[in-house]
Amino acid sequence: MKLKKGVILAIASFTALSFSIQAAEVVNNATEIWKDTDGNPINAHGGGMMYDNGTYYWYGEYKGEYTYRSPGVGWECYRTMSGGVSCYSSKDLENWKFEGVVMQTDTNTKSDIHPTMVIERPKVLFNEKTGKYVMWMHIDSPNYGKASAGVAISDSPTGPFKFIESIHPNGHISRDITFYKDDDGKAYIFCSSEGNATLHIVELTDDYLKPSGVYTRNFPDKFREAPAVFKRDGKYYIISSGCTGWDPNEAEYAVADCITGPYTAYPNPCRGKDANKTFYCQSAFAFQVQGTNQYVIAFDRWNKRNLIDSRYVWLPINFEGAEITVPWQDRLQFSAE
Ligand code: DGJ
C-alpha cells in the first residue's frame, strides 16, 4: 500500500513531537543553579521526595543566607540559621513550584525548631490510616549534641506542618535520617545512631508518630550517614555516605530482602570522574519515576562555606541483577510514562 505524502509528513511530525516531549524532561547537573518556576534558586537541601495524587513534592532544609561556624565547636561545624522546611511541587520533575515554608521555625528560644537549632533531612509520607501527612527530620542543637529525631504533622502535603516533638528513638541518639513507607503501609525511620557508628532501622507505630519498639542495628562501626532508601523487585536498597561532615567521601550501598535487614554491603556504585568522592556529593533521597522503571538518586553538592549555595545532582540508578551503578551524567533525562 502506498502512503500519501501528507500522511507520511503527519506521522513524521507526530514522531518528532513525541520525542521532543520526552527529551525536554532533563535536570542540569552541571554548575548552573536549579531554579523554581518563579526564577528563584531552589532552597530544599538534604531533602526528601513524596509522590501524592499525581504530584511530586520535594521537601528540604530552607537554609538561611549567611553561613557561620558554630562557636566553640572543634570540628568544621558550618551552619546557617534554620529557615524551617520548604516544599516544591512538580508534575514533570523538571519544573518546581515553590509551595512555601511548610514547617516554620518557632521564635521561642527553648523550642527544638528555633532558628538557631539544626533542622535537617526532612522527609514526608502520607498515612492512609489517619489521613495525615507526617514529617520526620533530624533535630539537633547548634553543636549537634542533642542528636534527635523530630516529628511533625499536617492535613495537607503543603502544610502547615505542626511540630510535635523530638525524641531519641528507643533511647538511642539519632542524626542523619530518612523515612520510608513499605508497600504494606508500615513505615520506618533509618537513622545514624550510636555516635553515628551504626544505622538503626526503626519501625514506627501505625500512625507513624512514634517508634513501635522494634528496631535493628545495621553496619555496626561502619559510620554510615545520609541514607537514601528505595525498593525494586522485592529488594531494599540503601545508598549512604561515610561520615566526614560537609566534605565528600565515597558512597556505598547495601541490599536486603527484608526492610529491617540483614543487609549485604557493596562498594561504591558511582562511576565516572570523581566517583571516589561521589562526584563531590552526598546522598539525599532516591525515588522511582512514576509509571516507569527509572530510579533516580538525588544528591546534595554541599558548599560548606556558603551552604545556601549548595547544589543538587540527580543521577540514574542502573541495575545489573540486584547490583547497582550510578554513572555520572551532565543532564538526566527522565523516562516518559
Ligand atoms: C553530614 C550530614 O550528612 C549532613 O546532613 C550535616 O549534618 C553535616 N554532616 C553537618 O556537618
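## The ligand and its polar partners

Let's start with glycine 245: one of its polar backbone atoms is 3.5 Å from a nitrogen atom of the ligand. That is a polar contact, meaning a pair of N or O atoms within 3.5 Å; within protein, one atom must be able to donate a hydrogen and the other to accept it, and residues adjacent in sequence count only if both atoms are side-chain atoms. The protein buries 96% of the 290 Å² that the ligand exposes when taken alone (areas come from the Shrake-Rupley method with a 1.4 Å probe, and for residues only the protein chains shown count as cover). The side chain of aspartate 176 puts a polar atom 2.5 Å from a ligand oxygen, and an N or O atom in the side chain of glutamate 120 is 2.6 Å from an oxygen of the ligand.

Before going on, keep in mind that this is a predicted model, where local features need pLDDT of at least 70, side-chain atom pairs count only at pLDDT 80 or more, and totals for chains, interfaces and linings use all residues. Residues are numbered from 1 along each chain as its sequence is written, and side-chain values use heavy atoms, with hydrogens and water left out.

## Who else is around the ligand

Which residues are around the ligand? They are Trp75, Glu120, Arg121, Tyr144, Asp176, Glu225, Gly245, Trp246 and Gln282, where being near takes a heavy atom within 4 Å. Sorted by class, this shell has four charged, three nonpolar and two polar residues (Ala, Val, Leu, Ile, Met, Phe, Trp, Tyr, Cys and Pro count as nonpolar, Asp, Glu, Lys and Arg as charged, and the others, Gly among them, as polar).

The ligand takes up the space of the second largest pocket. Here a pocket is an open set of points on a 1 Å grid over the protein atoms alone, with protein on both sides within 12 Å along at least five of seven lines. A molecule sits in one if more than half of its atoms lie within 2 Å of its grid points.

Arginine 121 and tyrosine 144 both belong to the shell around the ligand. Arginine 121 isn't a glycine, yet its phi is positive, about 50°. You'll find arginine 121 in strand E8, residues 118-127 (strands, E, are DSSP runs of at least two residues, numbered from the N terminus). Is arginine 121 buried or exposed? It counts as buried, because its relative accessibility is 3%; buried means under 20%, exposed over 50%, and partly exposed in between, with a 1.4 Å probe and protein chains only.

Tyrosine 144 is another non-glycine with a positive phi, about 65°. This residue is in the loop between strand E9 (132-140) and E10, and it is buried, at 10% relative accessible area. Proline 142 is found in the loop between E9 and E10 too, but with 34% relative accessible area proline 142 is partly exposed. From C-alpha to C-alpha, proline 142 is 9.8 Å from tyrosine 78, although 64 residues separate them in sequence.

Where are the cis prolines to look at? Proline 160 is in the loop between strand E10 (148-154) and strand E11 (162-167).

Another cis bond links glycine 261 to proline 262, with omega at about 5°. Proline 262 is in the loop between strand E18 (252-256) and strand E19 (264-266).

## Buried residues in strands and a loop

Tyrosine 88, in strand E6 (residues 82-90), is buried at 2% relative accessibility. A polar atom of its side chain lies 2.9 Å from the backbone nitrogen of asparagine 43. Serine 240 in strand E17 (residues 235-241) is buried as well, at 7% relative accessible area, and a polar contact of 2.9 Å joins its side chain to that of arginine 224.

Glutamine 294 is in the loop between strand E21 (282-288) and strand E22 (295-301). With 11% relative accessibility, glutamine 294 counts as buried, and its side chain reaches the backbone oxygen of glutamine 333 at 3.0 Å. Finally, tryptophan 58 lies in strand E3 (residues 55-63) and is buried at 0% relative accessibility. Its C-alpha atom is 22 Å from that of tyrosine 236, 178 residues away along the chain.

Conventions:
1 Å grid on protein atoms, 1.4 Å probe; cavity = no way out; pocket = protein on both sides within 12 Å on 5 of 7 lines; lining within 4 Å. Helix = DSSP H or I, 4+ residues; strand = E, 2+ residues; numbered from the N terminus.
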